[in-house]
Amino acid sequence: MFQTLISPQDLKTELVNPAWVICDCRFDIHNPGFGIEAFRQGHIPGALYVDLEKDLSTTPDGTNGRHPLPPVQDLVETIQSLSISNHTQVIVYDDDGGGYAVRLWWILRYLGHTHVAVLDGGIQAWVGSGFDLAGEITKQPPGQFTPEIQEDRLIVVEELQQALISQEFLLLDSRAPERYRGEEEPIDTVAGHIPGARNHYWRDNLLENGSFKSKAELKDVFEHLLKDNQATDAVIYCGSGVTACHNVLAFVHAGYPLPRLYAGSWSEWSSDDKRGVEHSS
């Protein structure tokens, strides 16, 4: 079973496997309707569309981040509506290096479903391999999914505030360096980062063609970042808890166990000015 990445060639060989489900996760935070329109114009045959904001997020209230996680029961209902059962092999993809698809990858891992992989290189790699796209939208029966929640792989803001006191873990900011440093903030209302965080931009996990770097390359990077910390104690965040999942996936692909995710991320943290903000030169 595939648990981190899958090549277009491997996916093609299983395209009609009834035990596999393919999810198209294309999205654009600046144009929320882009993903479904792109899906309608052409997608990997048999794929089902999953919307970041309608399916994988709940309503933000100004204090819980821009893409807050839905309640577990809502997530389970979404997963079952995608014809996913406990033994289904799930493949997720987008057109942005996995930056959106990783949200569904992480949610499934959090709910105890390990048979989920991101299409390496996304839909561009599929087309670049000479494989066709489809226009028709398929209907599939609902799945039967029972979660086994990995509660310790998710950290909430109160726990993070307590953990910052001990400073015995790696806090990793996944945003672009200029946002981490506080030089600019094009999305959230406050610039800067959580005090004590280090920076590893999620796009640095990728080659120029949008596919992931090798396991060895990623492990070298994360060994340097972790130093004496354990990967299971690392806490990863970004702007709204989406692209942070890319670093979580990169850790696992490099051979480490699943780090923790701070899903509320910077958009939640910075909504309360009492929590502290740090800038770097």
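**Figure 1. A look at the largest cavity, which holds about 30 Å³ of space.** This is a predicted model, where local features need pLDDT of at least 70, side-chain atom pairs count only at pLDDT 80 or more, and totals for chains, interfaces and linings use all residues. Residues are numbered from 1 along each chain as its sequence is written, and side-chain values use heavy atoms, with hydrogens and water left out. A cavity here is a set of points, on a 1 Å grid over the protein atoms alone, where a 1.4 Å probe fits but cannot get out; lining residues have an atom within 4 Å of a point. Volume is the space filled by probe spheres set on the points, which are joined across faces, edges and corners. The structure has one cavity of 30 Å³ or more. Among the residues lining the largest cavity are Y93, D94, L119 and F212. Sorted by class, that lining has four nonpolar, five polar and two charged residues (nonpolar: Ala, Val, Leu, Ile, Met, Phe, Trp, Tyr, Cys and Pro; charged: Asp, Glu, Lys and Arg; polar: the others, Gly among them).

**Figure 2. The largest pocket, with a volume of about 450 Å³.** Unlike a cavity, a pocket is an open set, with protein on both sides within 12 Å along at least five of seven lines. It is lined by 24 residues, and I29, R179, I187, W202 and T243 are the closest to its centre. The lining of the largest pocket splits into ten nonpolar, seven polar and seven charged residues.

**Figure 3. Helix α9 meets helix α10.** Helices are DSSP runs (H or I, at least four residues) and strands are too (E, at least two), numbered from the N terminus. The axes of α9 (residues 215-226) and α10 (residues 244-253) come within 9 Å and cross at roughly 110°, so α9 is roughly perpendicular to α10 (65 to 115 degrees). Axes are lines fitted to C-alpha atoms, for helices over the stretch in contact, and angles run from 0 to 180 degrees between N-to-C directions. K215, L218, F222 and L226 of α9 touch N247, A250, F251 and H253 of α10 (contact: heavy atoms within 4.5 Å).

**Figure 4. R203 and D96 pair up in a salt bridge, 3.0 Å from N to O.** A salt bridge puts a side-chain nitrogen of Lys or Arg within 4 Å of a carboxyl oxygen of Asp or Glu. R203 lies in the loop between β7 (198-199) and α9, while D96 lies in the loop between β4 (89-93) and α5 (101-110), 107 residues apart.

Technical notes. Parallel < 35°, antiparallel > 145°, perpendicular 65-115°, else oblique.
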